[in-house]
Amino acid sequence: MTFFLAFTIAQVTSSFVLLGLMLFVEYTKLEEVESYFSQNEKVLSNKRFWRRNQWIDRQYRMMLMFDFLQDSKRHVKAGVVTEAELASVPLALRRWVVWPYYFGFVWLIALVVWSVWRRGCDIPIP
Amino acid sequence: MAQSYINERTTDYHSLKHRLMGGDFSRQHSDHFDVLNYHLRWGWVTPGQLVIIPDTNSVSCSLEEAWLMRHAEEVRRNLELDAAAGTALIGKYDLLQSFLTYGSIGVGSATSAWARHLHEVAQTLEDVERLHQRLKSGKLDREAFFQQRQALFRQLDLQLQGAARFGTGLQGNQSLKKVLGISTKSYLHRGEIAGYAKRIREIAQMSKVMGKGTYVGLALDVGVTGLEIKEACVTGREAQCKQAKYVETGRLVSGVAGAAVGGRFGAAFARRACNFVLGISMRGNGALGCAIIGGSTVGYEAGIGLGNGGAFLGGKLLEVNGDLIFEPEGA
């Protein structure tokens with residue numbers, strides 16, 4: 001088995017794993033993490049906007065949580081969240097929110113590598 | 001060796017026969033052609049039908065011709081079930097496929113997100129209209145009316161910053177009051193804001209249409225797979241037809257997953273990039289525009305990229321005696 005084939009299998013398989021992971025986090029952890037920002041104006045308006053509880057609503061609500069937890073300093077500086085609110089989120093929950101996005105960004109980079117590799121080596125696609 | 005030909009446009013049987021067999025052919029060759037093409041309706045031959053051109057050096061039926069006849073009959077039966085399909089099949093593959101690419105779901109999910117934004121805009125506009133109605137009915141005094149309307153305009157201003165006006169029909173940098181054509185005096189005089197109801201309806205309609213984006217995207221992706229498989233199978237090539245099923249199914253499944261994952265992370269990445277690089281406010285709606293543009297672009301590209309990956313893996317599948325075998329070397 002060539003390395004390219006192994007890479008392709010890993011890339012395709014990981015997309016399903018990631019999709020499953022994101023859906024799991026969005027459907028089981030979102031309410032919990034949002035409860036730590038129950039008084040936050042930005043979170044409340046975001047929840048009002050994405051209120052229909054469909055997959056796309058949860059996706060965009062989770063994205064805001066990721067923004068808060070991953071880039072805390074800039075959001076505190078902009079005055080949209082307080083340090084106390086951020087500090088109240090348990091570390092394990094914070095990891096559930098942040099790590100799937102990190103994996104997702106790595107997945108995107110890997111997809112770019114795969115595409116460049118395929119075109120560079122002129123590997124035919126049926 | 002016999003050859004097959006797919007008829008491109010409706011034509012009569014005899015002129016088709018003359019065109020394919022050349023001017024001078026013997027009576028025996030003519031009968032041979034008629035036997036092989038027994039499946040074709042006498043009179044008009046419709047687009048998409050498989051026409052068998054016999055070997056000019058022989059007048060006896062070969063195994064290959066029998067195989068082609070079986071498939072031609074199958075094609076005829078399928079085309080009879082859906083008369084329009086034949087016309088759509090011929091010559092439109094490339095056109096359709098250029099529209100229906102495997103990234104459609106990535107774009108579709110982004111349009112669904114934009115629909116929410118338009119829905120919010122429409123709601124604010126309805127609030128403005130309700131405010132005018134309350135003023136007219138005397139339930140609200142002028143001072144409170146102007147205060148509340150000012151607040152709604154501020155909200156609308158935030159909702160319609162920059163690219164966020166797309167799809168609302170509210171273009172230009174003029175004041176919202178002017179763009180919307182709102183005049184308290186004319187409202188009180190005529191009982192309606194000129195063109196306002198129409199504008200709300202238009203935005204609501206746009207929101208409704210875009211809200212179906214994900215489903216439309218998914219339908220397009222499934223549709224293009226069907227087209228690819230049909231294209232391979234209608235020409236009567238069994239090996240290509242079987243392979244197309246695995247290749248195109250792999251492309252569809254991976255493409256949809258790739259677009260869904262890519263759209264999700266592309267949106268997150270674009271939001272962050274807009275905040276960080278362009279300095280877009282974390283309070284306004286600008287980040288939503290970034291997320292949608294990023295989500296649709298990355299979703300589209302990831303759908304196509306991973307779709308190719310799925311097709312590559314699908315091409316490694318072989319069917320041996322009804323069992324699926326993964327053949328890494330493609331032998």
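**Exercise 1. Composition and burial of chain B**

Determine how many helices and strands chain B has, and what share of its residues counts as buried.

*Solution.* In this predicted model, chain B has 13 helices and six strands. Of its 331 residues, 47% count as buried. The accessible surface of chain B comes to about 16,900 Å², and carbon and sulfur atoms contribute 56% of that area. Among the contacts in chain B with a separation of 6 or more, 71% are between residues 24 or more positions apart.

**Exercise 2. Packing of two helices in chain A**

Describe how helix α3 (residues 41–49) and helix α4 (residues 55–70) of chain A are placed relative to each other.

*Solution.* Two packed helices are described by the angle between their axes and the distance between the axes.

Step 1. The axes of α3(A) and α4(A) come within 9 Å and cross at roughly 165 degrees.

Step 2. Angles over 145 degrees count as roughly antiparallel, so α3(A) is roughly antiparallel to α4(A).

Step 3. The crossing of α3(A) and α4(A) is right-handed.

Step 4. From α3(A), the contact is made by Lys42(A), Val43(A), Asn46(A) and Lys47(A); α4(A) supplies Tyr60(A), Arg61(A), Leu64(A), Met65(A) and Phe68(A).

Step 5. Sorted by class, this contact of α3(A) with α4(A) has five nonpolar, one polar and three charged residues.

Notes
Residues numbered from 1 in each chain as written. Chains lettered and ligands numbered in written order. Predicted model: local features only at pLDDT ≥ 70, side-chain atom pairs only at ≥ 80, totals over all residues. Heavy atoms only, no water. Axes fitted to C-alpha atoms, helices over the stretch in contact; angles between N-to-C directions. Helix = DSSP H or I, 4+ residues; strand = E, 2+ residues; numbered from the N terminus. Parallel < 35°, antiparallel > 145°, perpendicular 65-115°, else oblique. Left-handed = near helix turned anticlockwise from the far one by under 90°. Contact = heavy atoms within 4.5 Å. Nonpolar A, V, L, I, M, F, W, Y, C, P; charged D, E, K, R; others polar. Buried < 20%, exposed > 50% of the residue type's maximum accessible area, 1.4 Å probe, protein only. Areas by Shrake-Rupley, 256 points an atom, 1.4 Å probe, with all protein chains shown as cover.
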